[in-house]
Amino acid sequence: MVPLAIARPLLVARVTRSEGAQGGRGSSREMGAVPIRLAFPELGEAELAEIAAVLRSGRLTMGPKVAEFEGELAQVCGVDHAVAVSSGTAALHLAVLALGIGPGDEVIVPAYTFPATANAVVLAGASPVLVDVDPQTMNVEPDRIYEAVTPRTRAVLAVHLFGRPLDWEALQSAVPPEVTLLEDAAGALGARWQGMPCGGLGLLGCLSFHPRKIVTTGEGGAVTTSDSEIADGVRRLRHHGIEPRGEFEIAQPGTNYRLSDVLCALGLPQLHRLEEVLARREELAAAYGERLAGVVETPSAGTGDRHGWQAYVIQLDRRDEALAALRAAGIEAQIGTYALHRLRAYSDQGPFPGADRAYERALALPFHTRLTEGDLDRVAAFLTSL
């Protein structure tokens with residue numbers, strides 16, 4: 001067998017500013033022509049060893065690594081069950097289906113979020129009702145949710161955007177008890193609202209393990225819950241509708257949204273060092289904040305909350321000009337996410353001035369643990385010069 005090559009896991013030694021100033025790795029002279037990546041997954045020898053063990057076992061799907069990965073996720077999110085699925089979108093779709101939501105039902109969704117949040121509602125046959133966001137936090141405004149609830153409202157699909165915990169208490173106060181609260185915690189693994197883990201606040205939580213997330217399986221996701229009956233429903237739906245226990249039976253057709261043992265093995269070592277990686281990302285966020293204070297609007301969490309730091313998203317005027325200039329300078333950057341009512345599929349709703357403002361001003365900077373002090377200096381200097 002030809003051995004696989006794989007990047008060593010970062011948590012590299014930090015480069016000081018003085019090293020950068022003397023022409024070391026972080027110097028603008030040396031780094032000027034070297035691109036700074038937007039994201040870089042946390043992969044290394046531990047992941048390679050876990051994958052090799054799966055390959056040697058011959059159990060490539062629905063095997064022991066899936067169960068192990070699910071157990072670790074449940075512990076991180078403070079719930080009884082985690083059900084691994086093929087993507088974050090699959091998690092959202094199955095969460096909605098598991099509640100029996102369908103045609104004639106409404107689900108409230110932030111107007112500023114990745115389109116998968118609303119798409120999952122449409123895929124279930126229900127209607128997403130967009131609600132505006134706070135342009136500063138970029139999270140949904142609970143007062144707007146209160147105004148949007150109708151007799152057809154079955155659930156709120158609330159997003160902890162970019163890892164910033166939503167004010168869960170305010171959200172609970174905004175809806176009647178018969179409206180179910182679901183979490184889109186795709187970017188909030190490890191984040192905490194008032195000490196309680198995101199992904200465990202609602203009846204169900206939905207996670208993503210896309211390469212830009214703090215834990216990645218390449219593609220993948222999970223549904224989290226402490227409700228055993230709902231967890232079994234999600235397990236059934238991810239596996240063609242087959243009953244998870246007892247004799248083979250299908251009462252309701254399902255999907256194939258399984259996540260393989262190979263991909264779960266990829267994610268396990270990252271879960272084991274989640275706190276270490278999150279602590280390093282907190283350091284990077286603080287370092288960015290120090291450099292960019294007074295230059296742009298920098299992100300933060302609410303008092304008593306812990307940000308998940310899936311991305312570092314600033315806000316500034318003339319965002320598109322800044323994005324183009326950063327890319328031209330070899331600094332990878334991206335818009336924050338999307339104002340859904342600006343997409344043709346959801347253009348019948350609006351206006352949403354908060355979502356418009358966030359969409360026009362939000363900019364995701366390079367953010368991963370391979371960044372050096374010199375990289376941060378270079379990004380900050382460039383933004384300061386605009």
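Is lysine 65 buried or exposed, and what is its relative accessible area? In this predicted model, lysine 65 is buried, with a relative accessible area of 16%, which falls under the 20% cut-off for burial. Its salt-bridge partner glutamate 68 is partly exposed, at a relative accessible area of 32%, and the closest N and O atoms of the two residues are 3.1 Å apart. Both residues belong to helix 4 (residues 64–77), where they are three residues apart, or about one turn of the helix. In general, an α-helix has 3.6 residues a turn, so residues three or four places apart point the same way.

| Salt bridge | N to O distance |
|---|---|
| Glutamate 68 – lysine 65 | 3.1 Å |
| Arginine 291 – glutamate 373 | 2.4 Å |
| Arginine 291 – aspartate 377 | 2.8 Å |

Arginine 291 forms a salt bridge with glutamate 373, with the closest N and O atoms 2.4 Å apart. This pair links distant parts of the chain, since arginine 291 lies in helix 11 (residues 274–292) and glutamate 373 in helix 14 (residues 373–385), 82 residues apart. Arginine 291 counts as buried at 12% relative accessibility, and glutamate 373 likewise counts as buried at 12%. The side chain of arginine 291 also meets that of aspartate 377 in a salt bridge of 2.8 Å, N to O. Because arginine 291 lies in helix 11 and aspartate 377 in helix 14, this pair ties together parts that are 86 residues apart in sequence. Aspartate 377, at 23% relative accessibility, counts as partly exposed.

How do helix 5 and helix 6 pack, and at what angle? Helix 5 (residues 88–98) and helix 6 (residues 116–123) pack at an angle of about 45 degrees, with their axes 8 Å apart, and the two helices are therefore oblique to each other. The crossing of helix 5 past helix 6 is right-handed. Helix 5 contributes Thr89, Leu92 and His93 to the contact, while helix 6 contributes Ala116, Thr117, Ala120 and Leu123. Of the residues in this contact, four are nonpolar, three are polar and none is charged.

In helix 13 (residues 353–361), the buried residues are Gly354, Ala355, Asp356, Ala358 and Arg361. The elements that cover them include strand 10 (312–315), helix 12 (319–328) and strand 12 (362–365).

Note on methods: Residues numbered from 1 in each chain as written. Predicted model: local features only at pLDDT ≥ 70, side-chain atom pairs only at ≥ 80, totals over all residues. Heavy atoms only, no water. Axes fitted to C-alpha atoms, helices over the stretch in contact; angles between N-to-C directions. Helix = DSSP H or I, 4+ residues; strand = E, 2+ residues; numbered from the N terminus. Parallel < 35°, antiparallel > 145°, perpendicular 65-115°, else oblique. Left-handed = near helix turned anticlockwise from the far one by under 90°. Contact = heavy atoms within 4.5 Å. Nonpolar A, V, L, I, M, F, W, Y, C, P; charged D, E, K, R; others polar. Buried < 20%, exposed > 50% of the residue type's maximum accessible area, 1.4 Å probe, protein only. Salt bridge = Lys/Arg side-chain N within 4 Å of Asp/Glu carboxyl O.
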